[in-house]
Amino acid sequence: MNTNGTTSNPAFGSLIDGLFNRSISDIVGADYTNESPSVNIIETDDSFEIEVAAPGLSKEDFAISIEKDHLNVSAKSEETNSEISFKRKEYDFKVFSRKFRLPKTVDKETIKAKYDLGILKITVDKTPEAKEKGPRTIDID
Amino acid sequence: MHKTQNRRAYRAHRDSGFFAPTFGNIINEILNSPLNEVVTDKPKKYTYPLANVMSSDGTYILTLAIPGVAKDDVSIELDKNKLIIKSEIEEDTETKFRLREFNYAKFERAFTLSEDADTDNISAKFENGILTISIPTVEEAGPKKVEIG
């Protein structure tokens, strides 16, 4: 507030999150932008599913490659709009790269990927040997 | 001796795991977590959706990153000048996660709109995991001048 009673910064400066919703970066004043998407890895009986949370991109922006026993996932989006000015920026997933070490129990030839609802889902099947090694019940005679 | 043990433990962990957590993500997590989560050191169950705010031609554009959530599972409410975005999805407890860095099944984030927001004309769209809310503004009525007669 300045002396004549109007807010000095009327714009989205007054757009503040609820007190308990605030991230620590607001409190300490560090304007941190998350540029590395989060990942979930799900194991099923037959495969591993790697979910990369990279919303706002399109299928063409991604590159997936395998290098020895590493899976590389990267993205590069060209989309920029100079008309828009950022007031607050908590995420930016336009350019990123993440690397995963594949276990020996997967068949690298079976990798599939799909982009849906902002999640890049990479599925890699387990090797037939690994599938067989799963827990099984033994009947008692 | 300790070193060998540590190394062995590390190797065992490394070989059993899919992925070694990167330091970058630990920092991300601390900086992006609500304060109460950081100080209580509780395992983070739900992810707090990140937001960007832009302005273009007198309109504020709020974008919220909510990947993996269907349009019908998100609700947007306007209570006076408070915009509340939330979701609550029934979770599948059968899924076996080897690594879990995000979970948008349940969240709530609220924003207080500035006084010049045209709350009757707010629009929203949801695409590729990004919820975009456009908030037009109205010209603010300046301080009224009173003539002295």
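The model is a predicted one. Five strands, drawn from chains A and B, form an open antiparallel sheet. The largest nonpolar core holds 22 residues, and another core of 20 residues lies apart from it.

- From one strand to the next, the twist averages 20°.
- The two chains meet in this sheet where E5(A) pairs with E1(B), in the antiparallel sense and over four bridges.
- Within that pairing, A:Phe86 has B:Met54 of E1(B) as its bridge partner.

**Strand E8 of chain B and its neighbours**

- E8(B) pairs with E2(B) over seven bridges, in the antiparallel sense, and B:Ala65 stands opposite B:Ile130 of E8(B).
- On the E7(B) side, five bridges join E8(B) to E7(B), and these two strands run antiparallel.
- E7(B) and E8(B) form a hairpin with two residues between the strands, where B:Asn128 takes a positive phi near 45°.
- Is E8(B) mostly covered or mostly uncovered? Six of its seven residues are buried, which leaves the strand mostly covered.

**A closer look at B:Thr132**

- B:Thr132 belongs to strand E8 of chain B, and its bridge partner is B:Lys125.
- With a relative accessible area of 15%, B:Thr132 falls under the 20% limit, so it counts as buried.
- Beyond its neighbours within four places in sequence, B:Thr132 is in contact with B:Ile61, B:Leu62 and B:Thr63, and also with B:Ser123, B:Ala124 and B:Lys125.

**The nonpolar cores**

- In soluble globular proteins, nonpolar side chains tend to be buried together.
- Which residues touch the most other members of the largest core? They are B:Leu62, B:Leu64, B:Ile66, B:Ile85, B:Leu131 and B:Ile135.
- Five strands of chain B each give two or more residues to this core: E1 (51–56), E2 (59–65), E4 (82–88), E6 (106–112) and E8 (130–136).
- The separate core of 20 residues includes A:Leu102, A:Tyr115, A:Val124 and B:Leu99.

**Aromatic pairs**

- Over all chains, there are four aromatic pairs.
- One of them joins A:Phe62 and A:Tyr115, a tilted pair at 4.9 Å centre to centre with 55° between the planes.
- A:Phe62 lies in strand E3 (residues 62–67) of chain A and A:Tyr115 in strand E7 (residues 112–116) of chain A, so this pair ties together parts that are 53 residues apart in sequence.
- A:Phe62 is buried at a relative accessible area of 12%, and A:Tyr115 is buried at 16%.
- In chain B, the ring centres of B:Phe102 and B:Tyr104 are 6.0 Å apart with planes at 40°, so this pair is tilted.
- B:Phe102 is buried at 6% relative accessibility, and B:Tyr104 is buried at 10%.
- A:Phe62, A:Phe96 and A:Tyr115 are linked by ring pairs into a cluster.

**Charges over rings**

- In chain B, the charged end of B:Arg100 sits over the ring of B:Phe97, 3.8 Å from its centre.

Technical notes: Residues are numbered from 1 along each chain as its sequence is written. Chains are lettered from A and ligands numbered from 1 in the order in which they are written. This is a predicted model: local features need pLDDT of at least 70, side-chain atom pairs count only at pLDDT 80 or more; totals for chains, interfaces and linings use all residues. Side-chain values use heavy atoms; hydrogens and water are left out. A nonpolar core is a set of buried Ala, Val, Leu, Ile, Met, Phe, Trp, Tyr and Cys residues joined through side-chain atoms within 4.5 Å. Buried means under 20% relative accessible area, exposed over 50%, partly exposed in between (1.4 Å probe, protein chains only). Two strands pair if DSSP finds at least two bridges between them. Axes are lines fitted to C-alpha atoms, for helices over the stretch in contact, and angles run from 0 to 180 degrees between N-to-C directions. Contact means heavy atoms within 4.5 Å. Rings of Phe, Tyr and Trp (its six-membered ring) pair if their centres lie within 6.5 Å; planes under 30 degrees apart count as stacked, over 60 as edge-to-face and the rest as tilted. A charge sits over a ring if NZ of Lys or CZ of Arg is within 6 Å of the ring centre and within 35 degrees of the ring normal.
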